[in-house]
Amino acid sequence: MKVVVKVGSNLLVGNSGLRKSYIAELCREIARLKKQGHEIAIITSGARAAGFTYLGKRRRFQDLHTKQALCAVGQVQLMKVYENAFDLYGIKIAQILLTRDTFSDRKRYLNLRNTLIGLSEFDVVPIVNENDTVATEEITLGDNDTLAAMFSIAWDADLLVLFTTVDGVIDKDGKLVERFDESIELKDLGKSSWGTGGIRSKIEAALMTSRCGVRVTICNGDSVSNLTKFVSGESVGTVFEPKQKLKAKKAWIAFLSEPVGRIYVNEGAEQALKSGGSLLPVGVIRVEGNFDVGDVVEIMNEKGKLVGRGIVNYSSSDLEKISGHKSSDLRKILGYEGSKVVIHIDNMWVA
């Protein structure tokens, strides 16, 4: 079973820096799971705080270049702690630093998957973090909850454990939500002192991942045994039950790709897509944005609601010319024999 565990700064960092004893406990628990035959990947925070402590700074910095420098220093210290802890169990580790475009760029995404296959063959534990030293606003993931979700989808994980400092998602009455339902009114628990994501970012990450067929829990990470309990089938924290598992390509289109334009379709086309059909030129009513063949676009209905996403077979300029026309008219309009479908169902995710 493939298991991803995300540990945030609120668990990894204390008043005096990294909580090395906590990391040691976590690594011991993971070593037990690996001995049972499970594959484990860790999404870790804590680099900036580790750099802050290592350099002996007494105040926090808000400017981007200083934060990036602290992360560059702290990554080394963070990985030292993980390496020393896992070394007690004869487990090797690998560091993977990612940005948003690692997932949205199809070639980089496939390279990541190939790297993970190689690490699996070597029986190495991937330890993953956002590459804060190079991340800019355009390619940042925002928080490690999002990173955990995207990585879980890319790795075809079976389980995702989002550790936090509370028992799970709490409703407005202060009670633990054992099975998540989007209709439940929730209590806002805010953000941690070092982290960037609050409980809502964890919920959004859990929903994204569960829609790709991954079982997710948001649970208390102070007790690392919750990881083993969840892997063993017990219900801990707030559980998000998986939906039907998407094929890898459709999961990428749905949740990892970065759409560069929009195609608006009529009601007939919308119903055809929901029934499993491809998108034909006759169903297109409007094109928005500039895109080329092979780009990912959003498919919207006449009311502006998202219908799905897909890899388009036409550039935006050519699609504008053939919108609303039958496939039999395409050669006459374009002067060449183009694809009969705008987006094939195999290259499409329907919401």
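Five strands make up an open sheet with mixed pairing, in the order β11-β10-β12-β13-β14; strands are DSSP runs of E, at least two residues long, helices are runs of H or I of at least four, and both are numbered from the N terminus. Two strands count as paired if DSSP finds at least two bridges between them. At the edges stand β11 (284-288) and β14 (348-350), each pairing on one side only. From one strand to the next the twist averages 20 degrees, where axes are lines fitted to C-alpha atoms, for helices over the stretch in contact, and angles between N-to-C directions run from 0 to 180 degrees. Strands β10 (residues 262-265) and β12 (residues 296-300) run parallel and are joined by 3 bridges. Isoleucine 263 stands opposite isoleucine 299 in β12. Helix α10 packs on this sheet and touches β12, β13 (306-311) and β14, its direction making about 120 degrees with that of β13; contact means heavy atoms within 4.5 Å.

The model is predicted, with local features requiring pLDDT of at least 70 and side-chain atom pairs counted only at pLDDT 80 or more, while totals for chains, interfaces and linings use all residues. Residues are numbered from 1 along each chain as its sequence is written, and side-chain values use heavy atoms, leaving out hydrogens and water. Mean pLDDT, the predictor's confidence in each residue from 0 to 100, is 90 for the protein, and 93% of its residues reach 70 or more. Over residues 192-196 pLDDT stays under 50, and the model has 12 contacts beyond four places in sequence for them.

A second open sheet has 7 strands in the order β5-β6-β4-β1-β7-β8-β9, again with mixed pairing. Because β5 and β9 (238-240) are at its edges with a single partner strand each, one side of each is left without a neighbour in the sheet. Strand β1 (residues 2-7) pairs with β4 in the parallel sense over 6 bridges, and valine 4 has alanine 41 of β4 as its bridge partner. Helix α2 (residues 20-35) lies across β1, β4, β6 (125-130) and β7, at about 160 degrees to β4. Helix α6 also packs on the sheet, touching β4, β5 and β6, and its direction makes about 170 degrees with that of β5.

The largest nonpolar core has 48 residues, with Phe151 and Ile203 making the most contacts inside it. Such a core is a set of buried Ala, Val, Leu, Ile, Met, Phe, Trp, Tyr and Cys residues joined through side-chain atoms within 4.5 Å; buried means under 20% relative accessible area, exposed over 50% and partly exposed in between, with a 1.4 Å probe and protein chains only. Helix α7 gives the most to this core, 7 residues. Isoleucine 203 touches Val169, Phe180, Leu186, Ile218 and Phe240, leaving aside residues up to four places away in sequence. Apart from this core lies another of 38 residues, including Ile40, Ala49, Leu78 and Val125.

Arginine 113 is in helix α6 and is partly exposed, with a relative accessible area of 22%. Beyond residues up to four places away in sequence, arginine 113 touches Ala154, Asp156 and Ala248.

Over the whole protein, there are 13 helices and 14 strands, and buried residues make up 52% of the 351 residues. Its C-alpha trace spans about 70 × 40 × 40 Å along the principal axes.
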